[in-house]
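Please look at the chain below and follow its helices from one end to the other. The report that follows describes how some of them pack and where selected residues sit.

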Amino acid sequence: MSNTTLKEKSIADDIQPDISFSQNNQFDLRYQTIKDRANLGMLSEQELSTWLNDSNNQEQPQFLSSLLELGKFLQERFLKQQAITVFEKALSLQPSEEVLIELIRGSFSTQRYDNVLHWTAEFKKTFSTSLSFQEVGYIACQSAVLIQDFEKAVHLCKEHVVRYPSSSTAKDTHYLLATIYREKFQDCVNAVTEYTQSLVYTSLGSTHPEALYWRGYCYHEMGEIDRAFNDFHQLLQSYSDFPRIQEVSQMINDMKKSSFKTGDGSLKSKAVNEK
């Protein structure tokens, strides 16, 4: 190899790192511009899409990590739809538990409940043993209710309480299930079971008087007067500020008039006895 060729090769080797450095610098500048415009509320969907699909950006090794950072940056500035667009791009490049969770949260907060169920199904395929599955399952349960797919809601909510019976969301999920059974399926038998489970996890709390009231209501509908009376009596004694307390008091009086005491002291409906 001639001295001239060796000299040219040496110059090329010296220039190459500068080119790489320049490309990284350009990426960093473009990325910062996107963040600055987002911060000012001036980032358009078209501008974001152009940046996401720029092949020069995608060739940079830091592109994927930048997507996760950018998605969270946009979320913090309440640009939730743009954040979802970024997370979807990240997921298309590489499966990621963290990105899927952000997509599920983002879809729920923007009321895209069908998307929540779609991303939850994807999450289950790959990350079913994740510790985050508790949160994901509860969000999916609520989403099915909100799109009024009650068959799916029962399936997802039951799956959640079976898998996480002692979780912080278990009592609320049982209460939600009970309400679906009572309101949508007119099934007081299953509703009572779920209201009871809700009460197991709640000695105090917002759903406690509601669960007592509706369990008493279902007992009354089922002709179990003694149990209905006990739930309503507990409401009257412990929750005097309950919004339906006057109705509860009236129902107790009506049950006393229309029932009789058996030998063990429990109440039975006179109408049932006459049959």
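Helices α9 and α10 pack at an angle of about 150°, and their axes lie 10 Å apart. Axes here are lines fitted to C-alpha atoms, for helices over the stretch in contact, and angles run from 0 to 180 degrees between N-to-C directions. That angle makes α9 roughly antiparallel to α10; angles under 35 degrees count as roughly parallel, over 145 as roughly antiparallel, 65 to 115 as roughly perpendicular and the rest as oblique. In passing α10, α9 makes a left-handed crossing, a term used if the near helix is turned anticlockwise from the far one by less than a right angle, with clockwise giving right-handed.

This is a predicted model, in which local features need pLDDT of at least 70, side-chain atom pairs count only at pLDDT 80 or more, and totals for chains, interfaces and linings use all residues. Residues are numbered from 1 along each chain as its sequence is written, and side-chain values use heavy atoms, with hydrogens and water left out.

On the α9 side, the residues that meet α10 are F150, A153, V154, C157, K158, H160 and V161. Their partners in α10 are A170, T173, H174, L176, L177, I180 and Y181. Contact means heavy atoms within 4.5 Å. By class, this contact of α9 with α10 has 10 nonpolar, 3 polar and 1 charged residues. For these classes, Ala, Val, Leu, Ile, Met, Phe, Trp, Tyr, Cys and Pro count as nonpolar, Asp, Glu, Lys and Arg as charged, and the others, Gly among them, as polar.

V154 is placed in helix α9 and is buried, with a relative accessible area of 11%. Buried means under 20% relative accessible area, exposed over 50%, and partly exposed in between (1.4 Å probe, protein chains only). Leaving aside neighbours within four places in sequence, V154 is in contact with L177, I180, Y181 and F185. The C-alpha atoms of V154 and L177 are separated by 6.4 Å, although these residues are 23 apart along the chain.

The loop between α9 and α10 holds S167. S167 counts as buried, at 13% relative accessibility. Apart from residues up to four places away in sequence, S167 touches Q134 and H160.

Helix α9 also packs against α8, at an angle of about 155° and with the axes 8 Å apart. That makes α8 roughly antiparallel to α9. The crossing of α8 past α9 is left-handed. From α8, the contact is made by F133, Q134, G137, Y138, A140, C141, A144 and V145. From α9 come F150, K152, A153, L156, C157, H160 and R163. By class, the contact of α8 with α9 has 10 nonpolar, 3 polar and 2 charged residues.

Which residues touch the most other members of the largest nonpolar core? Of its 39 residues, they are Y195, Y213, F232, L235, F242, V248 and M255. A nonpolar core is a set of buried Ala, Val, Leu, Ile, Met, Phe, Trp, Tyr and Cys residues joined through side-chain atoms within 4.5 Å. The elements that give two or more residues to this core are α8 (133–146), α9 (150–163), α10 (170–183), α11 (188–200), α12 (207–221), α13 (225–238) and α14 (245–257). L235 touches P209, L212, Y213, S240, F242, I245 and V248, not counting residues up to four places away in sequence. A second, separate core of 33 residues includes A38, F63, F73 and V99.

R37 lies in helix α1 (residues 3–39) and is partly exposed, with a relative accessible area of 27%. Leaving aside neighbours within four places in sequence, R37 is in contact with M42, L43 and E47.

Over the whole chain there are 15 helices and 2 strands. Helices (H or I, at least four residues) and strands (E, at least two) are DSSP runs, numbered from the N terminus. Of the 275 residues in the chain, 41% are buried. Among contacts between residues at least 6 apart in sequence, 50% join residues at least 24 apart.
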